[in-house]
Amino acid sequence: QLNCLVKMVTLHGVPKDLDSYPKDLLLFLSPSDYAATRSCRQYFANIGEANLDLLQKESSQRKQLLLEALACLGIPGTQVTEENAEVLGRLVCDLGGEYITSSGGNLLKQLSKCDSFVPDQEEAIRSIISSGNTTFGPPAAWSAFTLNELSGLIPVFDHSILQQIPK
């Protein structure tokens, strides 16, 4: 339905008020179409707020969105800044374990909003958390606030991490 709606909305060109449309609609719009009226950075910030689950997790369309977002943001390697992680929003959930490892704790806040992880993502998250080299510090220094911030990652924590968290 959204794909059909995009075709209707863009029938006579990309509307100037595209940002006022539902974010989910943008998932079915080409980034180049959007870029004609706005910046690609704004497009991906909007995509990051959309319901990415409308596209299958391993679908070519979703993979292409991530590749285009990384190119737009000028991310040459696997290190993502916290600022770029905020722009990527839910697209962070599709980054591989090498991105999570290279980015240190920069992705944790966004990753905590993800519904599920693949094994290499889980391993990278545990490695970053265990290192304690994040803005959250080591698990032994966490507060209830920290746990609340990272609540979506708790299912990924193993026994050694959980044991360190103060009661």
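What share of the 167 residues in this protein is buried? The buried residues make up 42%, where buried means under 20% relative accessible area, exposed is over 50%, and partly exposed is in between, with a 1.4 Å probe and protein chains only.

Okay, a word on what we're looking at. This is a predicted model, so local features need pLDDT of at least 70 and side-chain atom pairs count only at pLDDT 80 or more, while totals for chains, interfaces and linings use all residues. Residues are numbered from 1 along each chain as its sequence is written, and side-chain values use heavy atoms, with hydrogens and water left out.

Fold first. Helices here are DSSP runs of H or I with at least four residues, strands are E runs of at least two, and the numbering goes from the N terminus.

On to the cysteines. There are two disulfides in the structure, a disulfide being a pair of cysteine sulfur atoms within 2.5 Å. Counting bonded cysteines along the chain, the pattern is 1-2, 3-4.

Take Cys40 and Cys72: their sulfur atoms sit 2.0 Å apart. That pair ties together distant parts of the chain, with Cys40 in helix α4 (residues 40-49) and Cys72 in helix α5 (residues 60-72), 32 residues apart. The angle about the S-S bond is 90°, and the link of Cys40 and Cys72 is right-handed. Cys40 has 27% relative accessibility, so it counts as partly exposed, and Cys72, at 23%, is partly exposed too.

Then there's the disulfide that joins Cys93 to Cys114, with S to S at 2.0 Å. This one also links distant parts of the chain, 21 residues apart: Cys93 is in the loop between α6 (82-88) and α7 (97-102), and Cys114 is in the loop between α8 (108-111) and α9 (119-131). Here the angle about the S-S bond is -95°, and the link is left-handed. Both Cys93 and Cys114 are buried.

Now, keep Cys93 in mind for the largest pocket. Its lining is Lys57, Glu58, Lys63, Leu66, Leu67, Cys93, Asp94, Leu95, Gly96, Val118, Asp120 and Gln121. For the record, we work on a 1 Å grid over the protein atoms alone; a pocket is an open set of points where a 1.4 Å probe fits, with protein on both sides within 12 Å along at least five of seven lines, and lining residues have an atom within 4 Å of a point. The space in there comes to about 170 Å³, with grid points joined across faces, edges and corners and the volume being the space filled by probe spheres set on the points.

What classes do the lining residues of the largest pocket fall into? Five are nonpolar, two polar and five charged. In that scheme Ala, Val, Leu, Ile, Met, Phe, Trp, Tyr, Cys and Pro are nonpolar, Asp, Glu, Lys and Arg are charged, and the others, Gly among them, are polar. Helices α5 and α9 each supply at least two lining residues, and α5 gives the most, with three.

At 1.5 Å a residue, the 13 residues of α5 should span 18 Å, and its end C-alpha atoms are 18 Å apart, which agrees; the expected span is 1.5 Å times one less than the number of residues. The buried residues of α5 are Arg62, Leu65, Leu66, Ala69 and Leu70. These cover an arc of only 130° around the axis, which puts them on the same side of α5; the arc is that of the directions from the helix axis to the C-beta atoms. Over on the other side of α5, Ser60, Leu67 and Ala71 are exposed.

Last bit, contacts across the sequence. Ile47 is in helix α4 and, at 0% relative accessibility, counts as buried. Ile47 and Gly89 are 42 residues apart in sequence, yet 7.7 Å apart in space, C-alpha to C-alpha. Leu54, in the loop between α4 and α5, is partly exposed at 39% relative accessibility. Its C-alpha atom is 8.0 Å from that of Asp24, with the two residues 30 apart along the chain.
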